[in-house]
Amino acid sequence: MSSDSVGLLSSPERSSSPSLLDNATTTQIFSDYTGTNFQQPRSPGKRQLTIEESLITTNDPKRLCNSSLREQLDLNLLSSTSLHTPLSSSNSIDSLSIPSSPTTPPLSADVLNWLATFLTMSNEDRSRATEALIRTCSTNTLQLNHIKNQIEPYFQRDFVRDLPRELALHVLKYLPASDVARASRTCRAWYETCNDILLWKRLCQTKTIPYKQLPTIFDDVIENQWKRSYACHKHLEYTWQHEEPLPEPLIFRGHEDFVITCLQFDGKRIVSGSDDNSLKIWSVATGQCEQTLVGHNGGVWCSEMTDDLIVSGSTDRTIRVWSIDTGACQHVLYGHTSTVRCLALHGDIVVSGSRDATVRVWNIRTGERLHMLSGHTAAVRCVCYNGKYVVSGAYDHTIRVWLPNEERCVHTLEGHTNRVYSLVFDGKHIVSGSLDCMIRVWDVEQGTCIHQLTGHLSLTSGMQLRGNILVSGNADSTVKIWNIDSGKCLHTLAGRNKHASAVTWVQVVLNYVVSSGDDGMVKLWDLETGDFIRNLVQLVSTGSGGVVWRIKCTDSALVCAAGSRNSTEDTKVIMLDFDRTTICS
């Protein structure tokens, strides 16, 4: 786990709590989050330095911002013994307070006389006298170090306390959350400022961390709701990567020995479609099948999901719209003359691609066919839709960009030398994967190829785009991470921990890559470094026919559709829940 979690829950009184990086179990993480005191073992033969000793012997970075220490020093200065002389000037020694300790002898008469003379000098003479004193001490580094340590505190300012709160928060918002968390442990004033709600809201939004509305285990120890959301997020990252043992899987058994061809997951419900002509709706809360959607006369090949509707496409050439709550079929969309192979949903509009080489646009609320897009000369295998452009990839080796409202093809992207099997589209870039082993990046406005990504040796089965980072899974058993701006391959997820056969699906979740394979495994990788982390799922029939066909992830859970090609593994849906912070009602 990253150091971002250090100090999240610690008040100044809890500054001795260990970092989450130092712990290896969830129990220890919870202890650190709740700020439980933890006594660090002291190195043998060492003792703690006094304040005076630490000032003289070290340049302690805490002094730069530790207001509590400054207050204690000022108190010592004010309470120390003053030296009195008969001088009546405002610059008399009466105005000086010189720190002393029980082991420090009183100043000699010579020193007192020198100080009295110094106070009578003009500012120019004082400067020259100080320069002469420093030059005199230049051969003794201990004396120079002592002078430096005595002078430094007078030039150090606590900007959090001295600046108006708005300006201090403006400075703090440029720090990463880990530094803000550490800064909150400096003193009470810093703790109060660094716990500002708007500050932590900005930090969460920068990391795209959602607001946590459900009750959590941190509710009693963190009052700041956004800081609590951040703490839950960091705990979630830890459980994905480190928690042992892995969460107990929740198994949903159905579809007998048929293949699960499509999978949807919204955090509450799982929808699985199969070539047994049906779809099933599973409740995550109860682990039971809520509805079985029966009506297609052929295998279900694709599906999409909204809050209240499910859309499915089948080999029976129809698209059906179902109610999630009742399981009733609300619309049957007729028009395609061959298998409906792919769907893309945006709002209430669904786009379908078929083996009849056409793309059609429908309204799922009314069941009305809005547009038909013709131009491909072979089966349409994949479609994307962002509300403006429809992008379709086909077995005719081309990608087409459409304006659906005009039923017009604005670009035909040519370059692949074999069937196009996969597409991702972010509104600006189109990324296409083909059986020619090539991945191409296109500009949707210009209709030009920006990059050719070479390195895979077979069909690219799945891709996901996050910003300028592309993750691709391939039948050559590897996963690659690319930068589509530069066209460079950043990492190849291979080595001794790679999949033993074709990669079936990939997804990016948090800072990780999750990949599934024809070998019956689901693996977790680090997105930034490309390092293998661990296996999340390993079927009993791994290596002897077991396969994970599809995966779907949220930030807190993994769902995968698994089975086998030779009846060695039951067809089922497996769910792993990594959320350990939400309190179930």
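I take two strands as paired if DSSP finds at least two bridges between them, strands (E, at least two residues) being DSSP runs numbered from the N terminus. The model is predicted, so I note that local features need pLDDT of at least 70, side-chain atom pairs count only at pLDDT 80 or more, and totals for chains, interfaces and linings use all residues. Residues are numbered from 1 along each chain as its sequence is written, and side-chain values use heavy atoms, with hydrogens and water left out.

Entry 1, sheet. I looked up an open sheet of four strands and found the order E1-E32-E31-E30 with antiparallel pairing. Its edge strands, each pairing on one side only, are E1 (250-253) and E30. I read an average twist of 20 degrees from one strand to the next, where axes are lines fitted to C-alpha atoms and angles run from 0 to 180 degrees between N-to-C directions. Between E1 and E32 (residues 572-577) I found four bridges. Phe252 has Val573 in E32 as its bridge partner.

I found zero disulfides, a disulfide being a pair of cysteine sulfur atoms within 2.5 Å. For Cys204 the closest cysteine sulfur, in Cys232, is 9.9 Å away, which is too far for a bond. I also noted that Cys204 is buried, at a relative accessible area of 0%, whereas Cys329 is partly exposed at 31%. Buried means under 20% relative accessible area, exposed over 50%, and partly exposed in between, with a 1.4 Å probe and protein chains only.
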